[in-house]
Amino acid sequence: MRSSTAALRATAFLTRSIRQESRLFSHHLMRGALAALILILFLMQLATASLFGAAGYRLASLIISTSYWFLTLVGTLYFSVAITEEKEEETLPLLRMTGVTSASLITGKSLPRLAIAVLFLLVVAPFLVLSITMGGLIIEQLLACLAGMLCYAFLLCQLGVLASTMASTGRSAFVRTAVLWFFFELGHLVLLLSASGVSQQRLSGLAEALSTASAWMRDRSALMSRENYLVADRGASLWSPQMTFHLCAGCVCWLLSCLLFNPYNDRVVSLGSAADRGILAPLVFRRGRKSARAVQPVLAWKSWRFIVGGLPWFLTRLVAMPVASVLLVVLVGRIWNEPVTAESIGGTLMAVGSVVFFIELARSAGRVLNDEVFQQTISSLCMLPRSTGQLLLPLVAGALPAGVPAACCFAAGWLLFFLNSYEGSGFTNLLDVLDEAWFWLVAAWVITTVHLGLLLSTWLRYGGMLIATALLWIAVPIMLQMLLFVLFVLLAGAAGLAGLGFADEETLLRYLLPIGLIFLNVVAWAGLQRLLVRRVQDVAGR
């Protein structure tokens with residue numbers, strides 16, 4: 001009797017999860033975006049099919065690589081909030097009151113999401129079948145690709161559920177999922193670097209063991225081994241050790257999620273919802289001129305305090321980032337017995353500064369309006385005696401200092417690298433870079449990405465900036481390349497560039513093309529700002 005009751009509860013919960021997930025419009029949008037991207041790749045392959053052989057193999061390779069990164073990006077965002085969304089919406093205690101077990105809850109939350117991932121793979125299946133007709137691919141290789149991606153999706157799903165079980169917020173779960181993904185997919189690189197460093201210390205036994213472990217993990221990585229599915233011989237086994245490893249690792253993660261569910265979530269559920277920051281409440285009911293003038297500094301301070309972290313975190317990043325980078329260079333030089341030069345320190349500071357700058361910019365821009373919308377404080381914000389645009393500007397401006405420490409780290413690295421590498425001509429090189437129109441196009445593209453990320457963050461609870469980055473830095477460049485290719489073929493195929501009115505390629509590619517794209521970016525800024533203001537007003541009016 002008890003077993004049948006538990007089975008009914010688990011089935012009911014699974015049905016609820018499936019219905020809830022199938023109603024989300026974002027899932028249909030993502031599948032449509034994936035199909036559109038694959039269609040673009042297919043058209044590009046058709047345009048160049050006569051130039052290369054084995055067109056089907058090259059198309060299948062592009063589809064598998066695109067599917068892998070699409071599944072990794074969307075899956076990491078999607079799987080990592082399986083349990084945390086129940087915590088943040090305060091529905092987890094209600095689910096616990098129904099008597100559902102931790103295993104049933106985790107299974108019910110993971111299976112519908114895994115089914116969504118399977119639907120992503122079904123979107124690309126027709127294109128993979130079509131690649132067989134183009135030559136260079138057999139049915140066994142196609143089936144091996146699909147089976148390998150399914151096993152990888154199962155592992156990624158269980159990694160996200162495990163991280164979501166242990167985390168209290170969706171952001172924390174996403175970070176933990178990314179760390180786990182790095183361990184399984186790129187952990188072999190860490191072992192390989194460790195083996196190289198240990199060999200310099202004449203520890204041959206340990207170095208050989210680390211090299212063997214690195215090779216073993218590399219063979220089990222879907223990122224490094226996905227091309228192996230496309231070289232399977234006819235009649236060979238479709239199953240590979242990588243698939244077995246992914247299934248076993250996924251089952252272990254599921255078991256750990258079941259064991260850790262109660263210890264972690266009993267404590268998290270007892271904390272309740274996050275307290276309202278409440279710093280704007282005194283301003284809502286003041287209508288004087290003084291309160292109107294005080295709105296912008298307070299809004300900027302709010303982003304500075306809660307998004308950037310305030311002065312303590314700002315100073316910590318400002319000092320810790322270059323110090324940690326220098327210590328890393330010294331440690332690596334000591335392990336490999338290499339001299340530490342100003343160029344190596346400067347290059348490391350530039351690399352760390354640039355990467356951290358974009359990460360901080362994406363993190364702060366993705367949170368500034370997302371917190372207001374999903375913590376339901378946007379209505380109180382719009383009650384202030386200012387226009388919507390005047391309210392949003394200080395909010396966003398208060399979060400921008402998050403990238404200042406990384407920018408300072410990059411500037412310090414540039415001074416060390418260029419002034420020492422080019423014998424004092426670093427300033428001239430900087431002027432040459434600033435003179436290029438493509439540099440300003442990249443800067444305009446970054447600003448457009450921030451605008452689009454801000455807009456998407458008002459719709460999506462997690463991953464607005466990440467999706468904006470993927471769209472503008474991956475999907476849009478591919479479409480632009482295809483469009484430019486078609487234009488050159490149609491307009492300049494017979495008469496060349498002179499037929500279009502250009503004396504040489506430099507005039508078009510170095511000046512006119514980037515300047516035209518900069519103008520389009522400026523137009524996009526205005527449009528996205530209007531959409532953002534309208535979206536905030538709609539959310540506040542609900």
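**Side-chain contacts in a predicted model**

Good morning. I begin with a network of salt bridges that links Glu 85, Glu 86, Lys 109 and Arg 113. A salt bridge here is a side-chain nitrogen of Lys or Arg within 4 Å of a carboxyl oxygen of Asp or Glu.

A word on the basis of these values. This is a predicted model, in which local features need pLDDT of at least 70 and side-chain atom pairs count only at pLDDT 80 or more, while totals for chains, interfaces and linings use all residues. Residues are numbered from 1 along each chain as its sequence is written, and side-chain values use heavy atoms, with hydrogens and water left out.

A charge sits over a ring if NZ of Lys or CZ of Arg is within 6 Å of the ring centre and within 35 degrees of the ring normal. A further case is Arg 305, whose charged end sits over the ring of Phe 306, 5.5 Å from its centre.

Let me turn to the salt bridges. Helices (H or I, at least four residues) are DSSP runs, numbered from the N terminus. Asp 371 counts as buried because its relative accessibility is 3%, whereas Arg 171 is partly exposed, with a relative accessible area of 29%. Buried means under 20% relative accessible area, exposed over 50%, and partly exposed in between, for a 1.4 Å probe and protein chains only.

Which residues does Glu 360 meet in salt bridges? Arg 317 is one partner, at 3.8 Å from N to O. That pair also links distant parts of the chain: Arg 317 belongs to helix H14 (residues 310-336) and Glu 360 to helix H15, 43 residues apart. Arg 363 is another partner, at 3.1 Å from N to O. Here both residues lie in helix H15, 3 residues apart, about one turn of the helix.

Helix H15, where Glu 360 has its place, covers residues 342-368. Glu 360 counts as buried, because its relative accessibility is 12%. Arg 317 is likewise buried, at 18%, while Arg 363 is partly exposed, with a relative accessible area of 27%. Between the side chains of Glu 360 and Arg 363 there is also a polar contact of 3.1 Å. A polar contact is a pair of N or O atoms within 3.5 Å; within protein, one must be able to donate a hydrogen and the other to accept it, and residues adjacent in sequence count only if both atoms are side-chain atoms. Leaving aside neighbours within four places in sequence, Glu 360 is in contact (heavy atoms within 4.5 Å) with Arg 317, Ala 402 and Gly 403.

Next, Thr 377. This residue lies in the loop between helix H16 (370-374) and helix H17 (378-382). With a relative accessible area of 12%, Thr 377 is buried. The side chains of Thr 377 and Glu 372 are joined by a polar contact of 2.5 Å.

I now come to the aromatic rings. Rings of Phe, Tyr and Trp (its six-membered ring) pair if their centres lie within 6.5 Å; planes under 30 degrees apart count as stacked, over 60 as edge-to-face and the rest as tilted. By this rule the count comes to 12 aromatic pairs. Among them, Tyr 78 and Phe 79 have ring centres 5.9 Å apart and planes at 40°, so this pair is tilted. Tyr 78 is buried at 13% relative accessibility, and Phe 79 is buried at 1%. For Phe 183 and Phe 184 the centres are 5.3 Å apart and the planes at 85°, so that pair is edge-to-face. Phe 183 is partly exposed at 48% relative accessibility, but Phe 184 is buried, with a relative accessible area of 14%. Ring pairs also link Tyr 68, Trp 69, Tyr 152 and Trp 181 into a cluster.

Finally, the cysteines. How many disulfides does the structure hold? The number is 0, a disulfide being a pair of cysteine sulfur atoms within 2.5 Å. Cys 145 is buried at 1% relative accessibility, and Cys 258 is buried at 12%. Thank you.

Technical notes. Helix = DSSP H or I, 4+ residues; strand = E, 2+ residues; numbered from the N terminus.
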